[in-house]
Amino acid sequence: MGEYLRPLMELTLARLREQLRQPEVLFWVFAFPLLLAVALGVAFRNRPPSPIRIAVAAEPGSRAAADSVGALLAGTPRLAVAVLPASQAAERLRQGSVALVVVPGNPVVYRWDSTRADSRTARLVTDDALQSALGRKSVRAVADRTVMARGSRYIDFLIPGLLGMDLMGTGMWGLGYAVVDARKRRLMKRLLASPMRRSQYLLSFVLARLALLGPEVMVLIGFAMLAFGVPMRGSLAGFAVVAVIGALCFAGLGLLTASRARTVEMVSGLMNLVMMPMWVLSGVFFSSANFPAAMQPFIKALPLTALNDALRGIMLDGASLAALAGPVAICVAWGVVSLAVALKIFRWV
Amino acid sequence: MSPVAVVPAIRCTGLVKRYRDVTAVAGLDLEVRAGECFGLLGPNGAGKTTTVEMLEGLAAPDDGDIEILGMRWPEHEHALRERLGVALQETRLADRLTVTEVLRLFRSFYPRGHTVEEVLAVVALEEKRDAWVEKLSGGQRQRLALACALVGTPDVLFLDEPTTGLDPQSRRQVWEIVARFTRGGGTVVLTTHYMEEAERLCDRVAVMDHGRILALGSPRELIASLGADEVVEFALAGGAPAPVEAELVALAGVRAVRRDGPRYRMTVDEVHRAVPGLLALLQRRGVEMTELVTHHATLEDLFLSLTGRHLRDA
């Protein structure tokens, strides 16, 4: 057994040393996901809602009517009202800098674009304010209580997705690039000419990948928990299991992508071809529920979708591994099938 | 002769390797004796590397049979690999690993062998032990490749163009390492297109071209097969009618003549008899000589006489 383990350990160490001695590897594995998290966290931080801009159109000669409607609406919370000449008001609406234009008269006319979310809100708020100012009474007392729950913010959605994307990227690039590089510089051939076992060689990549996985996940998740208060509602053990399965799944996929390629250019193209659809479809930056229902079975079957679902399930919903059996099984299946095919078609020399 | 000495370390018969429509090796028979240094000499594209990679078990022959140390690919693969040392052409073993780390890695593959310290001493890289491989010179990298090949104390060492691209001093260092290995009883198969390398290191040489062996024997035997020990090369100025080959072969002591435009190349038994005859002939014709060189015949001359081409055509 030691006879098998010693070369395995030396190969793994060699791989880790070569990686850790390259500053660019450290950047992509550790610094890049953090920078992305900070940038997106700042861009999408939760802010109090800004007021909706509307205009009151003053037709030539009826400035007074416009001013009186403007006065009725002034002071309404969440509305910013401007009285403008009719032509200018129409132009602002077209440009999108006001959400709605009020044309005084009988009836009062609201001009707005029904496809714009802020216009729909403006229609409701403006009409409510106008009717109240003219004497309409509420028939039932109501009270508002706004909530801002941890776990439902954009940053909470984002962090597990970033982690999934990161596991995909380092798994695929880490293995794919290294395999093709070793093939290209004849290192692989030279190693094969020694009594090294092929399984030792491939396993060393997997072990080196797992060795970097721990720090990589801890840096991103630790930062997200401390800086943004992103929750970890499920068990850490379950989270670790999902992360390891995800890393192995993409290591298998990386090996498959690199199994035949002779040049770095070729493997780069293949990698992007495999990863690009998942960046878009698999719910990294926005929910994959936005895509049409017909696409959902396909999207659900992608390994990154499954991994992101599982990571979000554990972190945000506190789901158990048993509850996540579906997505976890998808990851395992991708990993096993990729590895099996990769070993079958692998170009050793 | 003791019975041990006649057991071949390597025997291959009818070796063929085709790549699409190119036949890289076209039916090769070869026997390498235990303890000898065997050279495959030939120009680029002669099939040397393909031959060696088939012997190393890195390429499968399309036809033919290979037996090494009484074993065969692929059924004895692991046992064979433990007894072979290999240095391929142009291999980048590592970038940011130290010399010691690379050697420890390769040592770990073999059940027995040198310690890292011992093999560092063998290739004289002790001072570079903690240097990253990417910082080594070409000669130092090649010695590291040799160290990796030697660290498992192999019985047979395969070296594919071990000194290509090295400066003369680094080349001599590599030769010294290889010579020490054969003095210790090891068998070496090397490929080269440097005739000097083959003459210095090899007990026997196979001259290869287009996937076939053109001549086989010790460097001395091969040169002797030219039938002449010396080569006279000269060039003539234009103008007067140049002598034809038949006239030159008729001169005393001249064995063969090859002409390439104004340049001539004669293999001769004795320079001191051939040159006066040549000069007399040229004087009678009134032809002026622009260059005259004589040297001992080498494997380069043999290759030229076998193929009409130089070993290292551009």
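Which residue of β12(B) does B:Val231 stand opposite? In this predicted model, B:Val231 stands opposite B:Thr267. The strands concerned are β10(B) and β12(B), which run antiparallel.

These strands belong to an open sheet of four strands in chain B, with the order β11-β12-β10-β13 and antiparallel pairing. Because β11 and β13 of chain B each have a single partner strand, they stand at the edges, and one side of each is left without a neighbour in the sheet. On average, neighbouring strands of the sheet are turned by 15° against each other, direction ignored. Helix α11 of chain B (residues 271-285) lies across β10, β11, β12 and β13, and runs at about 15° to β10(B).

In chain A, strands β1 and β2 run parallel, and A:Ala57 stands opposite A:Leu84 in β2(A). Together with helix α3 (residues 63-73), β1(A) and β2(A) make a right-handed β-α-β unit. The two strand pairs are listed here.

| Strand pair | Residues | Bridges | Direction |
|---|---|---|---|
| β1(A), β2(A) | 52-58, 79-85 | seven | parallel |
| β10(B), β12(B) | 230-236, 263-268 | six | antiparallel |

Helices α6 (residues 154-184) and α12 (residues 303-317) of chain A pack at an angle of about 135°, with their axes 9 Å apart. The two helices are therefore oblique to each other, and α6(A) passes α12(A) in a right-handed crossing. Residues making the contact include A:Leu163 and A:Leu167 of α6(A), and A:Leu307 and A:Leu311 of α12(A). By class, the contact has nine nonpolar, three polar and two charged residues.

Note on methods: Residues numbered from 1 in each chain as written. Chains lettered and ligands numbered in written order. Predicted model: local features only at pLDDT ≥ 70, side-chain atom pairs only at ≥ 80, totals over all residues. Pairing = 2+ DSSP bridges. Right-handed = clockwise from strand over helix to strand, strands pointing away. Axes fitted to C-alpha atoms, helices over the stretch in contact; angles between N-to-C directions. Parallel < 35°, antiparallel > 145°, perpendicular 65-115°, else oblique. Left-handed = near helix turned anticlockwise from the far one by under 90°. Contact = placed C-beta atoms within 7 Å. Nonpolar A, V, L, I, M, F, W, Y, C, P; charged D, E, K, R; others polar.
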